[in-house]
Amino acid sequence: MSKAMIASPETTQGSELERRQKLELNKLQKRLRREMGQAIADFSMIEAGDKVMCCLSGGKDSYAMLDILLNLQKSAPVSFELIAVNLDQKQPGFPEDVLPGYLETLGIEYHIIEKDTYSIVKEKVPEGKTTCGLCSRLRRGILYNFAEEHGVTKIALGHHRDDLLETLFLNMFYGGKLKSMPPVLHSDDGRNTVIRPLAYAREKDIARYAALRQFPIIPCNLCGSQENLQRQVIKEMFQTWDKQHPGRLETMFRALCNVEPSHLADNDLYDFREGKRLGGKRQAAVQSVDGSESVDGSETSDFGRLDVLNI
């Protein structure tokens, strides 16, 4: 037998690795597609005729969200429109060509909004303090206004199941509230509806999917801001639980979707005298573009609607 007909061990190993990665990618795509489809159905996220604005940061979550939404759009029982939007905040070193280059290959309508919020944040936030709170409020105000101006009916953010759980614990540990990120958020003024199609998806699945799909990830540390240390503490706690107690995070998320108001202690949520549920608290939707107020009128220690770091 000639040498040309004998496959080298390296070639055989490479082919086997490629085959396994393809199988893993297909499996992950089916899982994420199923979870996203279930979340959209459970919370009525997308309806016929909707114009959905996918907010892209260049991170793994928003790439995966757009990718799976495009996949679902092809076979969805209702017709809806997708556009991609990125906010270029003029951070030094931001690779301006990466997202446009990627989105061009998809053939999707996209917009790059150029707003120098970086300078505003650096001017207003003292040296050494984290800039994430003000930066996220500026970003959200700009995206909300863009959505209204362009006839967008739904604003899609890339928050996943782990984000929802982390936010729940952040509010309990540091904010004194039993509160998380809702899969769907309607602003009280009727201007905007925010949806989180990845609400049922696990972060580790998204991370692996993004690696296999080889998305052109843009790092989120360009601004040099200190990482949200409180969130990092919660994230590390979850990672330990996931290793030592498999299934705990899944049970915790089921609890988030299965609330018994009569077994809590909120008089605004349940009338203990009459024994009936009430409407609960309403939150004003305070839109701020200059960063003078938080999104929901609360202080920055509120980890609900304020925390949009993953878009």
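# Report on the predicted model

Q214 counts as exposed, because its relative accessibility is 67%; exposed means over 50% relative accessible area, buried under 20% and partly exposed in between, with a 1.4 Å probe and protein chains only. This is a predicted model, in which local features need pLDDT of at least 70 and side-chain atom pairs count only at pLDDT 80 or more, while totals for chains, interfaces and linings use all residues. Residues are numbered from 1 along each chain as its sequence is written, and side-chain values use heavy atoms, with hydrogens and water left out.

**Overall make-up.** The chain contains nine helices and eight strands. Both are DSSP runs numbered from the N terminus: helices are H or I with at least four residues, strands are E with at least two. Of its 311 residues, 44% count as buried. Among contacts with a separation of 6 or more, 76% join residues 24 or more positions apart, a contact being heavy atoms within 4.5 Å.

**Positive phi.** Most residues other than glycine have a negative phi. Q214, in the loop between α7 (203-213) and α8 (229-244), has a positive phi of about 55° and is not a glycine. S44 also carries a positive phi, near 50°. S44 sits in the loop between α1 (9-42) and β1 (51-56), and is partly exposed at 46% relative accessible area.

**Helix packing.** Two packed helices are described by the angle between their axes and the distance between the axes. Helix α6 (residues 161-175) packs on helix α9 (residues 248-256) at about 75°, and their axes are 10 Å apart. The axes are lines fitted to C-alpha atoms, for helices over the stretch in contact, and angles run from 0 to 180 degrees between N-to-C directions. The two helices α6 and α9 are therefore roughly perpendicular; that word covers 65 to 115 degrees, with under 35 roughly parallel, over 145 roughly antiparallel and the rest oblique. On the α6 side the contact uses R161, D162, L164, L165, L168 and F169, and on the α9 side L249, E250, M252, F253 and L256. By class, this contact of α6 with α9 has eight nonpolar, three charged and no polar residues.

**Annotated sites.** From an unreviewed UniProt entry comes a short sequence motif, the PP-loop motif, at residues 57-62; such annotations may be inferred rather than shown by experiment. The end C-alpha atoms of residues 57-62 are 6 Å apart, and the span is 50% helix and 0% strand. UniProt (unreviewed entry) also lists C132, C135 and C223 under "binding site". Of these, C132 lies in helix α5 (residues 132-149).

**Cysteines.** The structure has zero disulfides, a disulfide being a pair of cysteine sulfur atoms within 2.5 Å. For C54, the nearest cysteine sulfur belongs to C55, 7.7 Å away.

| Cysteine | Relative accessible area | Class |
|---|---|---|
| C54 | 0% | buried |
| C132 | 18% | buried |
| C257 | 46% | partly exposed |

E114 belongs to strand β3 (residues 110-114) and is exposed at 51% relative accessible area. Leaving out residues up to four places away in sequence, E114 touches D88 and K90. E114 and K90 are 24 residues apart along the chain, and their C-alpha atoms are separated by 7.2 Å. T117 lies in helix α4 (residues 117-124). T117 is buried, with a relative accessible area of 3%. With residues up to four places away in sequence not counted, T117 touches Q89, L138 and I142.

Methods:
Nonpolar A, V, L, I, M, F, W, Y, C, P; charged D, E, K, R; others polar.
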